[in-house]
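Trainee: Could you walk me through this fold before I start on my notes?
Mentor: Gladly; let us have it on the screen and take it one topic at a time.

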Amino acid sequence: MMNLRGLAADTGREGLSQDRSALRIAGVRKVFDKLEAIRNITVDIAQGEFVSLLGPSGCGKSTLLMMIAGLTQPTSGEIVLAGKPVVAPRRDVGVVFQSPVLLPWRNIIDNVLFPIELLRLPLAQYRPRALELLKMTKLDEFAQALPRQLSGGMRQRAAICRALVHDPGTLLMDEPFSALDAITRDDMAVELQRIWQANRKTVVFVTHSIREAAFLSDRVLVMGRRPATIIDEVEIDLPRPRNVAMTEEEGFNRYTRRLRKSIEASHEQ
Ligand SMILES: Nc1ncnc2c1ncn2[C@@H]1O[C@H](COP(=O)(O)OP(=O)(O)OP(=O)(O)O)[C@@H](O)[C@H]1O
Ligand SMILES: [Mg+2]
């Protein structure tokens, strides 16, 4: 079992070698009946990299994420994760959906441990890890509480713990903060950055929010309108850990302006 805090000091991009592609999306196309959702997407994501998919509603972000998760298959092209083609959901992947789908009759710790049960892994062995994750997301006092006793942000943090509990190398997140208010949302972004720095997962993060993408990512992939392709790619070369105050600074705003321009250009297509 990995040490959650052991890598916390590794805050930079060093050690992130570009040729060590953890995730390869090669010529992926997706057609639903007659609707072409994704035309042709090719992208390589490095081990431990934080990448956001940014694009307008309906452009195909969730479709791409669900293909990476193995929950739906590309019409053509290939997705390779950790050297193996993705053909079905895999245990080396954790997924956080847009709304935190917790089982209402199970307490928080049992919700977090649910993937362990599904994967038929030894529960007793994973319990300490689940508790450690709850502590890390400041939910340890609520381990025995039911989901309805938690706020939306707390439930979302529990869903993130659940996605991490089996220690997957890759974390896929589909607009995980979209239902939250702006202040909670900022807190969650800081929190997620902290979790990512401590764990160094490869993260693919879907969002509508330019600011959120710029704040969290090593790299932002901008998707154009349907049928989607990647129309721009922006490396966010800002120091970490990033804090909310930085989002007021010119260095940060240069990135958000650049991303906004890309998205506007896609509207004019
Ligand atoms: N199962 C499906 N069957 C048919 N069409 C689908 C299916 N899933 C998605 N689509 C279509 O594919 C396109 C892309 O949808 P997708 O959900 O990936 O967009 P999105 O970028 O995630 O949007 P949003 O930001 O609103 O969540 C849409 O036109 C949608 O109607
Ligand atoms: Mg979506």
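**Sheet, helices and core**

Mentor: Before anything else, keep in mind that this is a predicted model. As for the helices, α1 (residues 61–68) lies across β3, β7 (170–174), β8 and β9 (219–223), and the helix runs at about 155° to β8.

Trainee: And α5, which strands does that one lie across?
Mentor: Helix α5, covering residues 152–164, lies across β6 and β7, with a direction of about 165° to β6.

Trainee: OK, what's the strand order in the sheet?
Mentor: The sheet is open and has six strands, in the order β6-β7-β8-β3-β9-β10, and the pairing is mixed. Because β6 (93–96) and β10 (230–235) stand at the edges with a single partner strand each, one side of each has no neighbour in the sheet. On average, neighbouring strands are turned by 15° against each other, if direction is ignored.

Trainee: How do β3 and β8 run, parallel or antiparallel?
Mentor: They run parallel, with five bridges joining β3 (residues 50–54) to β8 (residues 202–207); within that pairing, S52 has F205 of β8 as its bridge partner.

Trainee: Switching topic, which residues have the most contacts inside the largest nonpolar core?
Mentor: Those are I68 and V112, in a core of 67 residues, to which α5 gives the largest share, namely six residues.

How values were computed. Residues numbered from 1 in each chain as written. Chains lettered and ligands numbered in written order. Predicted model: local features only at pLDDT ≥ 70, side-chain atom pairs only at ≥ 80, totals over all residues. Pairing = 2+ DSSP bridges. Helix = DSSP H or I, 4+ residues; strand = E, 2+ residues; numbered from the N terminus. Axes fitted to C-alpha atoms, helices over the stretch in contact; angles between N-to-C directions. Contact = placed C-beta atoms within 7 Å. Core = buried A, V, L, I, M, F, W, Y, C linked by C-beta atoms within 7 Å. Buried ≥ 20, exposed ≤ 12 C-beta atoms within 10 Å, placed from the backbone.
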